[in-house]
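The sequence and the structure are shown here.

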Amino acid sequence: MLKGVFIGIDRYQAPINRLSCCVADANALGSLFADTHESAVTILVDEQATELGIRQKLELLQNVAPDDFVVVSFSGHGTPDHRLVPVDADPADIEGTCISLGELAELLDAIPSNKLVVFLDCCFSGGFGGERVFAPSATRQMTEDRSTLETLVRGMGRVVLTASGAGEPALETEAYGHGLLSYHLIEGLQGAESLASDGLIDLMQLFNWVSNKVIDSAHLIGEKQTPTIYGSFEGTPSLAVLSPGPAYAAVFPERMTAPVTADWASLGPYGLPQGIIDAWAAEMAGLNDLQQQAINAYGVLAGKSLFVVAPTGSGKTMIGELAAVQRATTGGRAVMLLPLRALVNDKYDYFQRVYGDQVKVVRASGEHRDQTGDLYSGHYDLALLTYEKFLNIAIASPYVMRSITTVVIDEVQNIADPTRGASLEFLLTLLRSGHARGEAVQIIALSAVIGDTNGMEQWLGAGLLKTTERPVPLRESVVDAYGNARHLMPEGAEGQDHFVDRVAVSGSQDSKPILIPLVQRLVGENKKVIVFRATKGDTEGAASYLSQMLRLPPANSALTALPAGDLSASSQALRRALQGGVGFHNSDLDRDERAALESAFRVRNSDLRVLVSTTTLAMGVNTPAEAVVIAGLRHPFAGPYSVAEYKNMAGRAGRPGFATFGESYIVASDSPSPTEAWNRYVLGTPESIESHFLDPDTDPQTVIVRALAALGGSVEEQELIDLLGNSFALWRLSNHGHGQGWDIDSLRRDLQSLVKSALLDQEPSGQITLTALGQFAGESGIEIRSVAQVSSALRFVPEQITLADLVLLAQVTVEVDGVYIPRNARSLQEQQRWPQTLVHLGCSTSLVRNLHMSGGDTMQRAKKAVACLRFISPMPLQDIEAELTRHMRDSGIAGAIRSAASRTRDVVTAVAQISLYRGHSLERDSLADEAVVLLETGARTAMIELALALGAALTRAEYLALAKSEIVTPAHVIDLATGPVAEILGSERAKDLLDILRSRH
């Protein structure tokens, strides 16, 4: 039988400071034990917890049997000479009115139980101050003497868990409603995070788990608290999982919510509007097991942070959506962060369709149509942003953070991306540090299947919900060059068979002889198939020969939805492939073309049966299929795919609601070999999460300037060090005893370099202050190396900067250097052509001659600048491609043209601002804004007024069509809407544009 005494005191009498959460500690622990076990539980709170009352209840425990399980807990103040402070303690007579640990030891010694556990959520330090150390937290006093505490555990079968180590506070926080130790005890005793096995919890495992959780939670609020375990048990004692019942409900009625089930109606008690619940019920069959677990076991709808690691198609994204929409409809604001602009737009369209006017949804991804005004003014419920856009807003406009209560980060495994991971990690560092809020937001981090999390959930202060189970079973297979297949069944069994007959083909003999019969068999079994290829050229080539060989009916659903006009070479190739029922999806297609393919493919019985794609389709785009074929497992310039990348692609097969079984196939006809494909990818374990925050390729000066901007622009050195030390990289080093923080000597060298670059000032007192340019650099997100390179390039341009020179200056940034455009490096003619073309297009000759600065690739920079300037000219896209590929065999580089224009657009405002800070002027005050919208839309410069008004509401083809009829201003469109505009664009389209223009004028 269980016997227990649970003591909690908040309402101390002056001059002893009151506490806030001790009564809640005692009530929660006591009622949970009372509800679960056959027990005799006594709860003493506030006025009941006198010195005499505590002694009497502990003395009654002397009557327990040896096999009774005894629990004693105390939450309240302690004294510096190691005494528990009862409610009636007299500060003038501490010795006579408090209970010393020596006396407590004697009382415990008299208890005959073989299993005695004591929880002391207090600490022992000078005075009764309990001063506030981190609002809204308070200490329960600190500093302990280990030898004194060890007297409490004389003999076997006795364990004492104290709240903190020597010299540390025991913290309580209103965010948890409990002391940190008690809060995590309450969680753990209820079996949180898979602590329970067959309904039982191993006690020593529990105590270690609680200790780690308290350490992490204290770190999140800028404190250090290390629980300490004294004593031991014989064997491995366990305790039944505690479950809240009538006693718990009587003291915490607000916490008692019936567990959700698969039925959407079970979400009602969480405050969600009925209209929202009905909208979900219309879209999905019900809540799956993973989603129910996130709500019932991990409290995702109770404001708790959660890190979810689950396969594609498991429903993990809906967990983030549930949390975000609940906050957005119950008085809070939520943000969902996605890795790609395309995913932001896709999710925005989906939310608009599902939620309508029930949730005010806005988006921001760095495009002209961004709703940043609504975001800044707070006129939204739920915002969708890319990682980088949100980071810039969080730094430049920190007040926006104060109203945000929940942040969902999709595809958070991107923290391990060498190119983007450091920025995402810095954003997460700000979130967990309570940037601009004073406390951390609820974080829901969603990840595809990965290996070890390396403690990332602890760093985020989140629970970990990790599974490899899929709602739809998946069979993974490898097919060799002879058509023989090796299969891994969902239950783990293996099988082999001759799966397809190799066919004779002309041209490449790599995967083609197997890919054709394999896709033919799958389509013949009425399956929708996604074929993943490594390069854009491979996608077009495979789609072409599959279209010819499979002879499927035309994919009219996609063909009729494709936009007309300004077609690229790839646009025409796509139309040819779709005539044979096969499409391809890559960056050479524009946004509307990709959207048309995605929409057609996701319709269950549509005529688009096969889609050949690069790997970007695997990153969250909703394109369900019954089968996935992967031909090629090597990035063009970056080595083999990771296991995680493979699993994410394979996981596109078999989505809930679209299929009951999924199949994935690696075509291993050359590299990798069938054995390597099987062992490395099919049987392989996905890579663990790793940080790139301290990598050599991560510019520390950029990180420092961003951190300073986030801190307000002027701080003491230690405050900067503290923020940097909150990163995942340094948290891991500290946790493993490998380092104490950011390298101080390196930091000071970088600070001096930034002073020399006029990006910050350092006062003799040590105060570090960003200059105006430094503040802008930190807020804009541009790399410090880019600031230096643009500043250097400004030597070669006139005092007044034109649009052509502004675009060319952007090419010397680190960001645009990262964009690749195909070229024939061996062609002397091509090397000479692009500098000559730039001069012809109005660029400064001196700047053109010095594009090699900072070790840059002159031909790449010049060719990308030409691509951008042609993109904002009247030249049709196909003619631009023809010009840029004149010295190459390839004819389709529309994706590279758009990528160059897009990345240039991302940095052009920063480049203009750097130019102004360095003493130059712009041809027009609005030049940077004009450049941004022109590079986004592809409109010609003469149409800037119309482009500023309409942005991406018109496609480049439509801008060009209007320009041919000399319709280039808003006034022209308004005046001619019912005539030439309607003839060119259609009457409905003309009416929509007229409405937009009238609303803005």
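## Helix 9 and its cover

The cover over the buried residues of helix 9 includes helix 11 (316–328) and helix 12 (341–355), where helices (H or I, at least four residues) and strands (E, at least two) are DSSP runs numbered from the N terminus. In helix 9 (residues 274–283), the buried residues are Ile276, Ile277, Ala279 and Trp280. Because these residues cover an arc of only 155 degrees around the axis, they lie on the same side of helix 9; the arc is that of the directions from the helix axis to the C-beta atoms. Buried means under 20% relative accessible area, exposed over 50%, and partly exposed in between, with a 1.4 Å probe and protein chains only. As background, an α-helix has 3.6 residues a turn, so residues three or four places apart point the same way.

## Basis of the description

This is a predicted model, in which local features need pLDDT of at least 70 and side-chain atom pairs count only at pLDDT 80 or more, whereas totals for chains, interfaces and linings use all residues. Residues are numbered from 1 along each chain as its sequence is written, and side-chain values use heavy atoms, with hydrogens and water left out.

## The chain as a whole

The protein chain has 41 helices and 37 strands. Its radius of gyration is 32 Å, close to the 30 Å that the globule rule gives for 1001 residues, so the chain is as compact as a globular protein of that length; the radius is taken over C-alpha atoms, and the rule is 2.2 Å times the number of residues to the power 0.38. Along the principal axes, the C-alpha trace spans about 95 × 75 × 55 Å.

Of the 1001 residues, 58% count as buried. Among contacts (heavy atoms within 4.5 Å) between residues at least 6 apart in sequence, 72% join residues at least 24 apart. The chain carries 83 positive and 117 negative side chains, and the centres of the two sets lie 8 Å apart; Lys and Arg count as positive and Asp and Glu as negative, without His and the chain ends, and each charge is placed at NZ of Lys, CZ of Arg, CG of Asp or CD of Glu.

## Buried residues and their partners

Val449 lies in the loop between strand 21 (442–447) and helix 16 (456–460), and at 17% relative accessibility Val449 counts as buried. Leaving aside neighbours within four places in sequence, Val449 is in contact with Val309, Ala310, Pro311, Ala644 and Pro686. Val309 is 140 residues away from Val449 along the chain, yet their C-alpha atoms are separated by 5.7 Å.

Glu930 belongs to helix 37 (residues 927–937) and, apart from neighbours within four places in sequence, is in contact with Arg924 and Ile944. Arg652 sits in the loop between helix 22 (643–650) and strand 32 (662–668).

## Backbone features in loops

Most residues other than glycine have a negative phi, and most peptide bonds are trans. Glu411, in the loop between strand 20 (406–409) and helix 15 (421–432), has a positive phi near 55 degrees, and at 7% relative accessibility Glu411 counts as buried. A cis peptide bond, with omega about 10 degrees, joins Ala14 and Pro15.
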